[in-house]
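Dear colleague,

I am passing the structure below on to you, together with an account of what turned up when it was examined. Please read the notes alongside the coordinates.

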Amino acid sequence: DGQARTDAPRAPPPKHTKPAAEQTRAAMVPPPSVEPAASGRAACRICQSKISRGELRVGTAYTSEFGESIKWHHAACMDLPKYVSTPDRLQGYALLTADQQATLQQLFSHKAATPIALGGSNSGPSSPAPRPSGGKASAGSTVASPTTRRPEQLAEQPPQATGVCKIEYAKAKKPAPCKSCSGPIRNGEARVGDAQPSPWYEGLQTRWLCMPCALRGQHITRFSQLAGWDRMGYDVCVEVR
């Protein structure tokens, strides 16, 4: 007991590594797909503007409560080097024409050289990649840069914490009244939540509004301010826009 006790040096803690199952699952995620837009109805999930018919669009698959679906983006808005090492790894690349492949190669090279800095970066504003019109460009041509899109449209901003900040499909079996018009919001109908400080308890209280009442005012300035917007159907997206 009287002898001085010396502790043996401890080995450094092991580095955190992803489980093998998670690594396998990540490797099985398919790369994004690319194709010319079949119509002009879909909207880009990044800049919120329509994707013109024939314009190159890139789709990422995701699973929602309604099943498998695809989020479409302008090829110029997507940070392609984040998903694939070369453009020919995109699904559907081999089905593109030579001009479309050249356009995609040009966009990929632009993104690799000047990656887009999302909100909160200290690197300053970055120049958006030029977006082709109609999805066609010759191999030696230079794609004109659009002038109508604002830089802040390139970054998908987070939803708001208060105010008109969420959207979802009504889950209750019985119709619930809209807090504005008192009309019924039935099961499966889209509803918009207005979160405000509660007068009765500490925290926020959500007032649910039907779609007509939520869209009547100027409360929705961007679709991404609504938490849950990426799980809504196409018809609701069109109504909000």
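Which residues have the most contacts inside the largest nonpolar core? In this predicted model, they are Val34, Leu80 and Leu104, in a core of 22 residues. Strand E2 (56–64) and helix H2 (98–113) each supply at least two residues of this core, and H2 gives the most, with 3 residues. If residues up to four places away in sequence are left aside, Val34 touches Leu56, Arg57, Val58, Leu90, Gln91, Gly92, Tyr93, Leu96 and Leu104. As general background, nonpolar side chains in soluble globular proteins tend to be buried together.

Turning to charged pairs, the search of the whole structure finds 4 salt bridges. In one of them, the side chains of Arg57 and Glu35 meet with an N to O distance of 2.5 Å. This pair links distant parts of the chain, since Arg57 belongs to strand E2 and Glu35 to strand E1 (residues 33–36), 22 residues apart. Arg57, which is also one of the residues that Val34 touches, is buried at a relative accessible area of 9%, whereas Glu35 counts as partly exposed at 28% relative accessibility.

Another salt bridge joins Arg191 and Glu168, with the closest N and O atoms 2.4 Å apart. Because Arg191 lies in strand E7 and Glu168 in strand E4, the pair ties together parts that are 23 residues apart in sequence. Arg191 counts as buried, at 15% relative accessibility. The two strands concerned are also paired with each other: E4 and E7 (residues 190–197) run in the antiparallel sense over 6 bridges, and Gly163 stands opposite Ala195 in E7. Strand E4 (residues 163–169) is mostly covered, with 5 of its 7 residues buried.

A further salt bridge is formed by Glu189 and Arg186, whose closest N and O atoms are 4.0 Å apart. Both partners are partly exposed, Glu189 with a relative accessible area of 33% and Arg186 with one of 45%.

The protein averages a pLDDT of 74, and 68% of the residues score at least 70. Over residues 115–128 the pLDDT is below 50, and this stretch has 14 contacts in the model beyond near neighbours in sequence. Residues 132–155 also have a pLDDT below 50, with 39 contacts in the model counted beyond near neighbours in sequence. Where pLDDT is low, the predicted coordinates should not be read in detail.

With best regards

Definitions and conventions. Residues are numbered from 1 along each chain as its sequence is written. This is a predicted model: local features need pLDDT of at least 70, side-chain atom pairs count only at pLDDT 80 or more; totals for chains, interfaces and linings use all residues. Side-chain values use heavy atoms; hydrogens and water are left out. Buried means under 20% relative accessible area, exposed over 50%, partly exposed in between (1.4 Å probe, protein chains only). Helices (H or I, at least four residues) and strands (E, at least two) are DSSP runs, numbered from the N terminus. Two strands pair if DSSP finds at least two bridges between them. A nonpolar core is a set of buried Ala, Val, Leu, Ile, Met, Phe, Trp, Tyr and Cys residues joined through side-chain atoms within 4.5 Å. Contact means heavy atoms within 4.5 Å. pLDDT is the predictor's confidence in each residue, from 0 to 100.
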